[in-house]
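These are my notebook entries on a two-chain model. I list what I looked up, entry by entry.

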Amino acid sequence: MDSYFSILFTEVYKILFLLVPVLVSVAMIVWLDRRVWAFVQKRRGPNVVGPFGLFQSLADALKYIFKEIIIPASSNKLVFVLAPVVTMTLALISWAVIPFSEDFVLADINVGILYLFAVSSLGVYGIIMGGWASNSKYPFLGAIRSAAQMVSYEVSIGVIIINVLLCVGSLNLSDIVMAQQNLWFVIPLFPMFVIFFISALAETNRPPFDLPEAEAELVAGYQTEYSGMMYAMFWLGEYANILLMCAMGAVLFLGGWLSPIDIFPFNAIPGPFWLIFKILFLFILFALVKATVPRYRYDQLMKLGWKIFLPFSLFYVVLTSSFLLYFDLLPGK
Amino acid sequence: MIAHSVFFYIFSLIAIVSAVMVTVSKNTVHSVFFLILDFISISCLFIMIGAEFLGMIMLIVYVGAVAVLFLFVVMMLNVAEQKGQWFSSRWDGGTHIPVGLLVSLIIFFELIIVIGGWKYKPDLLNSLSINISTEVTNTRSIGNVLYTDYIHLFQISGMILLVAMIGAIVLTYRERVGVKRQSYVKQISRERDEGVDLVEVEKNKGVKIDA
């Protein structure tokens with residue numbers, strides 16, 4: 001029993017050591033997103049609170065904490081309260097399997113990539129629950145849109161993951177990174193990387209695919225009835241999900257914690273920093289896309305997902321597997 | 001091992017209670033939420049016995065896709081209007097009760113057969129034609145069996161699913177009249193000659209458009 005508790009304490013310590021930086025970086029990433037967005041549009045962005053406006057997110061969080069939480073009278077109260085909690089929890093638990101370096105990973109499970117995929121596909125429930133429980137038109141429409149959108153783009157993300165797995169021969173995330181020691185998968189699977197990036201935008205409801213919360217049509221989509229800390233939790237969960245998608249892209253295609261070239265000044269930098277650089281790079285791309293691309297129409301979104309991405313990535317699975325088979329490169333023999 | 005059994009009982013309790021709540025709760029959407037909870041706790045049980053691949057696939061397929069569509073349909077149909085009418089024999093000629101009873105009887109007898117076979121013939125488990133090795137990960141061992149010995153069954157089940165999918169599309173597809181569809185090819189391949197017409201306009205005469 002004693003050893004059980006000591007294991008429990010070390011695990012809790014490790015989890016806190018991972019989650020607190022993730023939460024802080026989510027707050028920072030919101031600031032970065034707004035800054036990049038502002039710079040593209042030749043504005044200044046948040047620059048008042050703290051140096052360069054770095055504490056803007058903290059100020060926002062304080063504001064949200066002290067705001068009143070309003071629960072609509074006609075809502076389904078339990079589900080209404082549960083929805084942001086589900087979003088936030090799901091966004092955080094998936095960080096358990098992200099490998100920051102060879103020995104710095106919370107849970108090095110065999111089916112890591114499936115776990116990531118499963119948790120990201122559960123993310124839709126927070127949105128559906130929030131939209132349904134609000135018992136009002138705009139949230140419901142937003143939730144329905146979002147569910148359809150996320151389910152559609154998950155399909156192509158799944159097929160893209162299959163492409164990577166064909167080259168690795170393992171579902172373990174550390175194995176996926178180690179398989180990229182000689183060549184990052186972004187080079188042979190470049191079209192898949194592009195499609196993954198776009199699908200990740202759609203999966204996290206980012207512009208240009210932010211139809212679930214399209215202001216002009218749906219007020220704020222599924223978040224319309226939320227206020228105060230509950231709204232903030234939705235928001236944090238969304239950004240944590242975006243970071244997670246960036247981390248997933250970095251692990252699958254950009255070689256995770258590996259340095260780009262294995263020579264001195266580069267490989268002296270520890271692995272976690274490389275992973276963070278890559279996540280930041282992908283996130284800045286996300287922010288640039290948000291700043292530059294206009295919103296898609298819903299039918300175009302569906303057409304893109306089902307009629308272009310899905311067939312193309314399926315074709316690429318055939319291409320990858322036949323290439324590997326022909327040149328006898330199939331892993332895991 | 002204590003922790004293991006504690007978690008086992010927690011997950012099984014959640015699974016059983018939520019399975020009961022699926023049928024008991026009056027709100028249909030709540031039923032689906034309980035169904036999802038049931039799926040999740042059962043996949044946790046799968047993971048606990050070391051079948052992590054099955055557990056994850058269960059999460060991805062059932063919770064991530066099937067239950068979402070379920071929820072979708074239930075929310076869209078607004079079943080709340082029919083609340084309480086399901087079990088009164090007046091509604092729809094009362095055809096639901098006999099069919100439901102038949103289906104549940106069949107499932108009940110199937111359960112008896114399965115549990116009976118496992119209880120009274122324990123050597124059934126040892127009669128498997130393939131020995132399960134504990135050295136490779138279970139993802140790999142499933143793949144080894146599924147794509148070699150059972151490839152035909154696997155392909156046939158895939159075909160059945162494909163046929164079911166096409167059938168569903170055919171059943172619900174209806175051709176709508178007067179829908180304007182966007183064709184990227186058509187839009188991109190438009191030339192200047194088709195789109196623009198240069199007209200000499202005479203003074204004080206004007207032009208007839210769409211002539």
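The model is predicted.

**Entry 1. A helix pair in chain A.**
I applied the term to helix α8 (residues 190-203) of chain A and α10(A), and their crossing is right-handed. I then looked up the geometry: the axes of α8(A) and α10(A) come within 10 Å and cross at roughly 165°. Angles over 145 degrees count as roughly antiparallel, and α8(A) and α10(A) are therefore roughly antiparallel to each other. From α8(A), I noted A:Phe193, A:Phe196, A:Phe197, A:Ala200 and A:Glu203 in the contact. From α10(A), the residues are A:Met245, A:Gly249 and A:Phe253. By class, I have six nonpolar, one polar and one charged in this contact.

**Entry 2. The core.**
Which residues touch the most other members of the largest nonpolar core? I found A:Leu243 and A:Cys246, in a core of 119 residues. The helix that gives the most to this core is α10(A), with 18 residues. I also listed the contacts of A:Cys246, leaving out residues up to four places away in sequence: A:Ile279, A:Leu282, A:Phe283 and A:Phe286.

**Entry 3. Helix α5 of chain A.**
How many of the ten residues of α5(A) are buried? I count ten of ten for this helix, which spans residues 124-133. Among them are A:Val124, A:Tyr125, A:Ile128, A:Met129 and A:Trp132, along with the glycines A:Gly126, A:Gly130 and A:Gly131. Within chain A, the buried residues of α5(A) pack against α3 (77-93), α4 (112-122), α6 (137-168) and α10 (228-253). They also pack against α2 (28-48) and α3 of chain B.

**Entry 4. A proline in a helix.**
I looked up A:Pro84, which lies in helix α3 of chain A. Is A:Pro84 buried or exposed? It has 23 other C-beta atoms within 10 Å, and the cut-off for buried is 20 or more, so A:Pro84 is buried. Two residues of α5(A), A:Gly126 and A:Gly130, are among the residues that A:Pro84 touches. Beyond these I noted A:Tyr226, A:Met230, A:Met233, A:Phe234 and A:Gly237, again not counting residues up to four places away in sequence.

**Entry 5. Backbone angles in chain A.**
After α5(A) comes A:Asn135, with a positive phi. The value is near 55°, in a residue other than glycine. A:Asn135 is found in the loop between α5 and α6 of chain A, and with 16 C-beta neighbours inside 10 Å it counts as partly exposed. I logged A:Phe52 as well, which is not a glycine and has a positive phi of about 55°. A:Phe52 sits in the loop between α1 (2-40) and α2 (56-66) of chain A. With 13 C-beta neighbours inside 10 Å, A:Phe52 counts as partly exposed. A:Pro208 belongs to the loop between α8 and α9 (215-218) of chain A.

**Entry 6. Chain B.**
I count eight helices and zero strands in chain B. Of its 211 residues, 13% are buried. For contacts in chain B with a separation of 6 or more, I get 44% between residues 24 or more positions apart.

I then looked at α2(B) and α3(B), whose axes are 8 Å apart at an angle of about 175°. That makes α2(B) roughly antiparallel to α3(B). Residues in the contact include B:Val32, B:Phe39 and B:Phe46 of α2(B) and B:Met58, B:Tyr62 and B:Phe70 of α3(B). I sorted this contact by class: 20 nonpolar, three polar and one charged.

**Entry 7. Where the chains meet.**
The contact takes 16 residues from chain B and 17 residues from chain A. Which helix gives the most to the side of chain B? I found α3 (residues 52-77) of chain B, with twelve residues. By class, this side of chain B has twelve nonpolar, three polar and one charged.

Terms used. Residues are numbered from 1 along each chain as its sequence is written. Chains are lettered from A and ligands numbered from 1 in the order in which they are written. This is a predicted model: local features need pLDDT of at least 70, side-chain atom pairs count only at pLDDT 80 or more; totals for chains, interfaces and linings use all residues. Helices (H or I, at least four residues) and strands (E, at least two) are DSSP runs, numbered from the N terminus. A residue is buried if 20 or more other C-beta atoms lie within 10 Å of its own, exposed if 12 or fewer, and partly exposed in between; C-beta atoms are placed from the backbone. Two residues are in contact if their C-beta atoms, placed from the backbone, lie within 7 Å. Ala, Val, Leu, Ile, Met, Phe, Trp, Tyr, Cys and Pro count as nonpolar, Asp, Glu, Lys and Arg as charged, and the others, Gly among them, as polar. Axes are lines fitted to C-alpha atoms, for helices over the stretch in contact, and angles run from 0 to 180 degrees between N-to-C directions. Angles under 35 degrees count as roughly parallel, over 145 as roughly antiparallel, 65 to 115 as roughly perpendicular and the rest as oblique. A crossing is left-handed if the near helix is turned anticlockwise from the far one by less than a right angle, and right-handed if clockwise. A nonpolar core is a set of buried Ala, Val, Leu, Ile, Met, Phe, Trp, Tyr and Cys residues joined through C-beta atoms within 7 Å.
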